[in-house]
Amino acid sequence: MNLQMRPANLGEILDRTAALYRSRFLVFVGIAAIPAGGLLFFAAVGFLLSAWMGGADPATAILLGVTILGVVLLAIPVCLGLTGLGSGAISHAASQAFLGERITIRGAYGAAGKKGWRYVGLLSMEILFLAVIPFTAWVVIVAGLGLLAALGRQAGAGGSDFVTLQSALLLLLGLGLVAYFFWMLLRICLAFSASVVEQLGAWAALKRATALSRGTRGRILVLYLLCAALSWVVSLVLTLPVMVVLSLIPELNTPQHQQTMGALFLFLMYGASFASQAFIKPVSGIAMMLFYYDQRIRKEAFDIEWMMREAGMEAPPVSPAPAEPWLPAGGFPRSTNGAQLEPAQEKATGETP
């Protein structure tokens, strides 16, 4: 594994990701299957309750509706906790595998459980930046455009030109929010890796990820696109044969069994989603950890630090670079005669700003 302690290009990172995943396939799939299984469980419960509510009397339907609402309210914190712990466990396992250490499902979740609230908080902040903020912006702007349209109709200014302008604005807004999503995703995608390896809090991990990801975001975007394509292929491979078999059963291709076929197809989609998350999530988790170490090797000479540790020498601590370069608001401090002092001169004279 010491041979990996050098800067790597995208192809080498993909090769190393595949090698690590293949060498510990069952462990990584087992780690990812726990949060994916939680999502599948709540989805299945909601699906069964919805199917039951369709043929129930009004009183039972109301009761089932309240039950579904309770299941949703319970599923949100449980799935958030499982996903946060799972992401932390995958990052921990990927780091240990990269460094040549032995990993197990229990060990990965045990290490993640010690900092469980930290990882749940980090995941919550990622959801805030990637989903809540753009969705809120979309709702506010769409509501504003709707209000302007209503005022325009009252003033007699409506027409096809106004509708065309409104549609163009919505299209530009959608494209802008998609661009924001990818821009923010590429900035904070290394946050879990930084939090696991450096034991950083949620906000510090986000700032650290922003600094480390600078200069490699294009390569990470290519990786995400490859993972999306791979996820689509896995879902297609799992669902297409079953769909073909179900469509060839004559007894199911009747109007009386349309609801049953719809339920089977929906449950099949849930199962494919579970399998896709269980198989593909470790790929992105391992790759993000490799990108994290690659950036530290490039920017902070982590390979030299690791060689010193392996040799039993005490490596000097590397202070993370700030997210953005900065200077004091007034520049360097001035001496008593008005001349600027360099930081070394400031220390020698004892003067402060």
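Mentor: We start with accessibility: buried means under 20% relative accessible area, exposed over 50%, and partly exposed in between (1.4 Å probe, protein chains only). At 46% relative accessibility, Trp 183 is partly exposed. Please note that this is a predicted model, in which local features need pLDDT of at least 70, side-chain atom pairs count only at pLDDT 80 or more, and totals for chains, interfaces and linings use all residues. Residues are numbered from 1 along each chain as its sequence is written, and side-chain values use heavy atoms, with hydrogens and water left out.

Trainee: What percentage of the residues of the protein count as buried, and how many helices and strands are there?

Mentor: Helices (H or I, at least four residues) and strands (E, at least two) are DSSP runs, numbered from the N terminus. The protein has 12 helices and 0 strands. Of its 353 residues, 36% count as buried. Contact means heavy atoms within 4.5 Å. Of the contacts in the protein with a separation of 6 or more, 73% are between residues 24 or more positions apart.

Trainee: How many aromatic pairs does a search of the whole structure find?

Mentor: A pair of aromatic rings is described by the distance of the centres and the angle of the planes. Rings of Phe, Tyr and Trp (its six-membered ring) pair if their centres lie within 6.5 Å; planes under 30 degrees apart count as stacked, over 60 as edge-to-face and the rest as tilted. The search of the whole structure finds 10 aromatic pairs. One of them is the stacked pair of Phe 25 and Phe 279, at 6.1 Å centre to centre with 15° between the planes. This pair links distant parts of the chain, with Phe 25 in helix α2 (residues 25-54) and Phe 279 in helix α10 (residues 258-300), 254 residues apart. Phe 25 is partly exposed at a relative accessible area of 35%, and Phe 279 is partly exposed at 33%. Tyr 180 and Trp 183 form a tilted pair, 6.2 Å centre to centre and 45° between the planes. Because they are 3 residues apart in helix α6 (residues 160-188), Tyr 180 and Trp 183 are separated by about one helical turn.

Trainee: Which residues form one aromatic cluster with Phe 25?

Mentor: Tyr 21, Phe 28 and Phe 279 form one cluster with Phe 25. Phe 28 also belongs to the largest nonpolar core. A nonpolar core is a set of buried Ala, Val, Leu, Ile, Met, Phe, Trp, Tyr and Cys residues joined through side-chain atoms within 4.5 Å. Of the 61 residues in the largest one, Phe 28, Ile 31, Leu 190 and Phe 291 touch the most other members. Helix α10 gives the largest share of this core, 11 residues. Another core, of 7 residues, lies apart from it and includes Phe 42, Leu 49, Leu 64 and Cys 79.

Trainee: Which polar contacts do the side chains of Arg 296 and Ser 276 make?

Mentor: A polar contact is a pair of N or O atoms within 3.5 Å; within protein, one must be able to donate a hydrogen and the other to accept it, and residues adjacent in sequence count only if both atoms are side-chain atoms. Arg 296, in helix α10, is buried at 9% relative accessibility. A polar contact of 3.0 Å joins its side chain to that of Tyr 292. Not counting residues up to four places away in sequence, Arg 296 touches several residues, including Glu 198, Arg 208 and Glu 305. Ser 276 also lies in helix α10 and is buried at 6% relative accessibility. Its side chain makes a polar contact of 2.5 Å with the side chain of Ser 231.

Trainee: Where are the buried residues of α4, seen down the axis?

Mentor: In helix α4 (residues 105-114), Ala 108, Tyr 109 and Ala 112 are buried. Seen down the axis of α4, these buried residues fall within an arc of 90° (that of the directions from the helix axis to the C-beta atoms), so they line one face of the helix. On the other side of α4, Arg 106 and Lys 114 are exposed.

Trainee: What is the phi of Gln 199?

Mentor: Most residues other than glycine have a negative phi, and most peptide bonds are trans. Gln 199 has a positive phi of about 55°, although it is not a glycine. Gln 199 is placed in the loop between α7 (191-198) and α8 (202-213).
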